[in-house]
Amino acid sequence: AEQSHLEGIIRDLLSEPCLDYVGEVQLAHALRRQTDINRALRRVENGTDGVCAACGALIPPERLQAVPETLLCVACAAGESKPCRYGPGSGFPQWHS
């Protein structure tokens with residue numbers, strides 16, 4: 001009975017509407033990624049690549065290597081609500097992750 005239940009689930013997942021939805025999700029993801037990459041290229045062109053768009057701190061090279069299209073440092077990407085303690089004017093070096 002369990003095998004037949006699993007076969008039903010697999011059959012549903014392979015149905016045309018489900019596959020159409022998966023294709024739409026993949027397309028949306030690809031378009032979002034392309035937009036992010038184009039934005040990152042513009043940031044390189046205008047000299048703001050590697051600067052957090054939220055707090056202004058420099059984004060560590062390791063983060064940029066891992067996520068080249070990032071606009072935010074790790075702290076800002078995590079949604080920390082408090083002001084970034086490493087941001088401009090803090091007296092700290094402008095690198096944080």
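1. Arg 32, Asp 36 and Arg 39 are joined in a network of salt bridges, a salt bridge being a side-chain nitrogen of Lys or Arg within 4 Å of a carboxyl oxygen of Asp or Glu. Asp 36 meets Arg 32 at 3.4 Å, N to O, and Asp 36 also pairs with Arg 39, where the closest N and O atoms are 3.3 Å apart. Both partners of Asp 36 lie with it in helix H2: Arg 32 is four residues away, about one turn of the helix, and Arg 39 is three residues away, again about one turn. Asp 36 is buried, with a relative accessible area of 14%, while Arg 32 is exposed at 55% and Arg 39 is partly exposed at 30%; buried here means under 20% relative accessible area, exposed over 50%, and partly exposed in between (1.4 Å probe, protein chains only).

2. This is a predicted model, in which local features need pLDDT of at least 70 and side-chain atom pairs count only at pLDDT 80 or more, whereas totals for chains, interfaces and linings use all residues. Residues are numbered from 1 along each chain as its sequence is written, and side-chain values use heavy atoms, with hydrogens and water left out.

3. The chain holds four helices and zero strands, where helices (H or I, at least four residues) and strands (E, at least two) are DSSP runs numbered from the N terminus. Of its 97 residues, 19% count as buried. The chain exposes about 7,200 Å², and carbon and sulfur atoms supply 59% of that area, as computed by the Shrake-Rupley method with a 1.4 Å probe; for residues, only the protein chains shown count as cover.

4. The count of salt bridges comes to three, and one of them joins Arg 33 to Glu 69, with the closest N and O atoms 2.5 Å apart. Because Arg 33 lies in helix H2 and Glu 69 in the loop between H3 and helix H4 (74–77), this pair ties together parts that are 36 residues apart in sequence. Arg 33 is partly exposed, with a relative accessible area of 37%, whereas Glu 69 is buried at 15%.

5. Leaving aside residues up to four places away in sequence, Arg 63 touches Thr 70, Leu 72, Cys 73, Val 74 and Ala 77, contact meaning heavy atoms within 4.5 Å.

6. The structure holds zero disulfides, a disulfide being a pair of cysteine sulfur atoms within 2.5 Å. The sulfur of Cys 52 is 3.7 Å from the closest cysteine sulfur, in Cys 76, which is too far for a bond, and the sulfur of Cys 76 is 3.6 Å from its closest cysteine sulfur, in Cys 73, likewise too far. Cys 52 is buried at 3% relative accessibility, while Cys 76 is partly exposed at 21%.

7. Ile 59, in the loop between H2 and H3, is buried, with a relative accessible area of 1%. By contrast, Leu 14, in the loop between helix H1 (2–13) and helix H2 (16–46), counts as exposed at 57% relative accessibility.
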